[in-house]
Amino acid sequence: MSLKKIIEIVINGVIPRQLTESKVANMAKCDECGKRFNVSDARSDYNDEFDGELNYDEEYGGQLCADCAISDTSSNINLGRAIDMMNGDEDYDDDFVREHL
Ligand SMILES: [Zn+2]
């Protein structure tokens with residue numbers, strides 16, 4: 001078992017017990033990393049990251065924590081750009097395409 005996994009288990013086990021009931025009501029478990037997170041915090045982190053251009057609720061609706069949602073969206077954006085580069089719709093960057101396609 002990796003250290004990261006052990007830490008996640010410890011965090012998942014300890015933090016919810018310390019939270020008040022009203023906070024627990026707003027907690028969700030991330031589908032990606034299994035971390036428990038606060039949905040309204042994730043929504044504001046995500047919407048801030050993308051300057052409100054993308055909507056956390058539409059994209060993820062409480063399924064992913066802010067970190068996973070942001071990295072998922074970023075990799076989709078990068079993949080889209082790599083495809084645009086392949087199609088000649090954007091200036092071609094070999095390193096970028098290799099990394100993201
Ligand atoms: Zn996550």
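These are my notebook entries on one protein chain and what I looked up in its structure.

**Entry 1: ground rules**

I am working with a predicted model, where local features need pLDDT of at least 70, side-chain atom pairs count only at pLDDT 80 or more, and totals for chains, interfaces and linings use all residues. Residues are numbered from 1 along each chain as its sequence is written.

**Entry 2: the overall layout**

I started with the secondary structure and found six helices and two strands. Helices (H or I, at least four residues) and strands (E, at least two) are DSSP runs, numbered from the N terminus. Going along the sequence, I read the pattern α-α-β-β-α-α-α-α.

Next I looked up burial. A residue is buried if 20 or more other C-beta atoms lie within 10 Å of its own, exposed if 12 or fewer, and partly exposed in between, with C-beta atoms placed from the backbone. Of the 101 residues in the chain, 12% count as buried.

I also looked up contacts, where two residues count if their C-beta atoms, placed from the backbone, lie within 7 Å. Among contacts with a separation of 6 or more, 28% join residues 24 or more positions apart.

**Entry 3: the core**

Which residues make up the largest nonpolar core? I listed twelve: Cys-30, Phe-37, Ala-42, Tyr-46, Tyr-56, Tyr-60, Leu-64, Cys-65, Ala-66, Cys-68, Ala-69 and Ile-70. Helix H3 (39-49) and H5 each supply at least two residues of this core, and the largest share, four residues, comes from H5. For the record, a nonpolar core is a set of buried Ala, Val, Leu, Ile, Met, Phe, Trp, Tyr and Cys residues joined through C-beta atoms within 7 Å.

I then picked Cys-65 and noted its partners. Leaving out residues up to four places away in sequence, Cys-65 touches Cys-30, Cys-33, Lys-35, Phe-37 and Ala-42.

**Entry 4: H3 against H5**

How do H3 and H5 pack? Their angle is about 30 degrees and their axes are 9 Å apart. Axes here are lines fitted to C-alpha atoms, for helices over the stretch in contact, and angles run from 0 to 180 degrees between N-to-C directions. H3 and H5 are therefore roughly parallel to each other, since angles under 35 degrees count that way, over 145 as roughly antiparallel, 65 to 115 as roughly perpendicular and the rest as oblique.

On the H3 side, the contact is made by Asp-41, Ala-42, Asp-45, Tyr-46 and Glu-49, and on the H5 side by Ala-66, Ala-69 and Ile-70.

**Entry 5: some single residues**

Asp-51 sits in the loop between H3 and helix H4 (56-59). Its phi is near 50 degrees, a positive value in a residue other than glycine. Is Asp-51 buried or exposed? Asp-51 is exposed, because 7 other C-beta atoms lie within 10 Å.

Gly-80 is in helix H5 and is partly exposed, with 13 other C-beta atoms within 10 Å. Gly-80 and Leu-101 are 21 residues apart in sequence, yet 8.8 Å apart in space, C-alpha to C-alpha.

Asp-91 lies in the loop between helix H5 (66-86) and helix H6 (94-100). I found Asp-91 exposed, with 8 other C-beta atoms within 10 Å. From Asp-91 to Arg-81, ten residues apart in sequence, the C-alpha atoms are 9.6 Å apart.

Asp-94 belongs to helix H6. Its C-alpha atom is separated by 9.1 Å from that of Ala-82, twelve residues apart along the chain.
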